[in-house]
Amino acid sequence: MMKWIPVAMVLLLSACSRTPETTYYQLPALAHSVPANTSLLKEAGSGRHVLWIEHVAVPDYLAGNGVVYQTNDVQYVIAANNLWASPLDQQLQQTLVSNLSASLPSWVISSSPLGQQHDTLNVNVTGFHGRYDGKAIISGEWVLEHEGELIKRPFMISLAQDDDGYDALVRTLAEGWRQQAQQIANALSGIN
């Protein structure tokens with residue numbers, strides 16, 4: 001009878017322990033997103049700038065479900081219970097379309113090709129994570145194909161988080177991505 005007491009204690013303790021709760025994150029959309037304007041699509045071939053965001057690529061360590069946190073200069077942790085609600089590359093592409101559309105209202109910005117006359121933007125994100133010093137890191141490069149010419153620009157944004165935790169990290173990453181979209185918009189504004 002005594003040999004069953006330890007087994008009963010283990011079962012009792014395991015029944016009392018909690019499984020960590022899983023939390024899902026989505027990059028917040030702009031509060032003042034631009035509604036789709038079908039007249040812009042009709043006019044796209046009449047001298048209006050049309051931009052196709054063909055692809056936003058992320059490296060393997062960011063392509064998984066977990067939000068990434070850098071613990072020191074060489075180690076990264078991929079969260080097991082703090083997950084992206086949809087693939088990060090898709091979220092980055094969708095929010096880039098939204099942010100660029102808000103910054104360039106006279107442009108037609110799309111995640112799918114519109115007609116045959118359009119510029120093409122590809123973005124390679126190499127960093128989109130939190131860091132041990134309380135910063136959110138957004139880095140990579142973008143390449144624009146405009147009238148047969150390629151324009152390539154690197155980017156690196158480091159923002160301090162306002163608060164601790166994954167909620168604050170995701171909000172800070174979203175703000176950094178919005179800032180990067182504004183930098184791209186500024187560069188696109190100079191295109192004839």
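Author: Helices (H or I, at least four residues) and strands (E, at least two) are DSSP runs, numbered from the N terminus. In this predicted model, the elements of the protein chain run α-β-α-β-α-β-β-α-β-β-β-β-α from the N terminus on. Residues are numbered from 1 along each chain as its sequence is written. Local features need pLDDT of at least 70 and side-chain atom pairs count only at pLDDT 80 or more, while totals for chains, interfaces and linings use all residues; side-chain values use heavy atoms, with hydrogens and water left out.

Reader: How many helices and strands does the secondary structure of the protein chain come to?

Author: The count is five helices and eight strands.

Reader: How do I read the pairing of strands, and which way do β3 and β4 run?

Author: Two strands pair if DSSP finds at least two bridges between them. Here β3 and β4 run antiparallel and are joined by four bridges. A hairpin of five residues links β3 to β4. Within this pair, V68 stands opposite I78 in β4.

Reader: Which strand does β1 join, and do the two run parallel or antiparallel?

Author: Strand β1 (residues 23–25) is joined to strand β4 (residues 76–84) by three bridges, and the two run parallel. To find the place, look for Y24, which stands opposite L83 in β4. As a general point, side chains in a regular strand alternate between the two faces of the sheet.

Reader: What share of the protein chain counts as buried?

Author: Buried means under 20% relative accessible area, exposed over 50%, and partly exposed in between (1.4 Å probe, protein chains only). Of the 192 residues of the protein chain, 38% count as buried. For the surface, accessible areas come from the Shrake-Rupley method with a 1.4 Å probe, and for residues only the protein chains shown count as cover. The protein chain exposes about 11400 Å², of which carbon and sulfur atoms supply 53%.

Reader: How do I read a nonpolar core, and which residues have the most contacts inside the largest one?

Author: A nonpolar core is a set of buried Ala, Val, Leu, Ile, Met, Phe, Trp, Tyr and Cys residues joined through side-chain atoms within 4.5 Å. The largest one here has 39 residues, and L96, L100, L121 and F128 have the most contacts inside it. At least two residues of this core come from each of β2 (50–57), β3 (66–70), α4, β6 (119–131), β7, β8 and α5. The largest share, nine residues, is supplied by α5.

Reader: Which residues does L100 touch?

Author: Contact means heavy atoms within 4.5 Å. Leaving out residues up to four places away in sequence, L100 touches L51, I53, I109, L121, A181, I184 and A185. For the protein chain, take contacts between residues at least 6 apart in sequence: 65% of them join residues at least 24 apart.

Reader: How do I read a salt bridge, and how many does the structure hold?

Author: Side chains of opposite charge can pair when their charged atoms come close. A salt bridge is a side-chain nitrogen of Lys or Arg within 4 Å of a carboxyl oxygen of Asp or Glu. The structure holds three.

Reader: What does K152 form a salt bridge with?

Author: The partner of K152 is E141, with the closest N and O atoms 3.6 Å apart. K152 lies in strand β8 (residues 149–160) and E141 in strand β7 (residues 135–146), so the pair ties together parts that are eleven residues apart in sequence. K152 is exposed, at 54% relative accessible area, whereas E141 is partly exposed, at 26%.

Reader: Where do E175 and R178 lie?

Author: Both are in helix α5 (residues 166–189), three residues apart, which is about one turn of the helix. E175 is partly exposed at 30% relative accessible area, and R178 is partly exposed at 31%.

Reader: Is R131 buried or exposed?

Author: R131 is buried, with a relative accessible area of 19%. This residue is found in strand β6 and forms a salt bridge with D133, the closest N and O atoms being 2.8 Å apart. D133 is partly exposed, at 39% relative accessibility. Not counting residues up to four places away in sequence, R131 touches Y69, Q70, I137 and S158.
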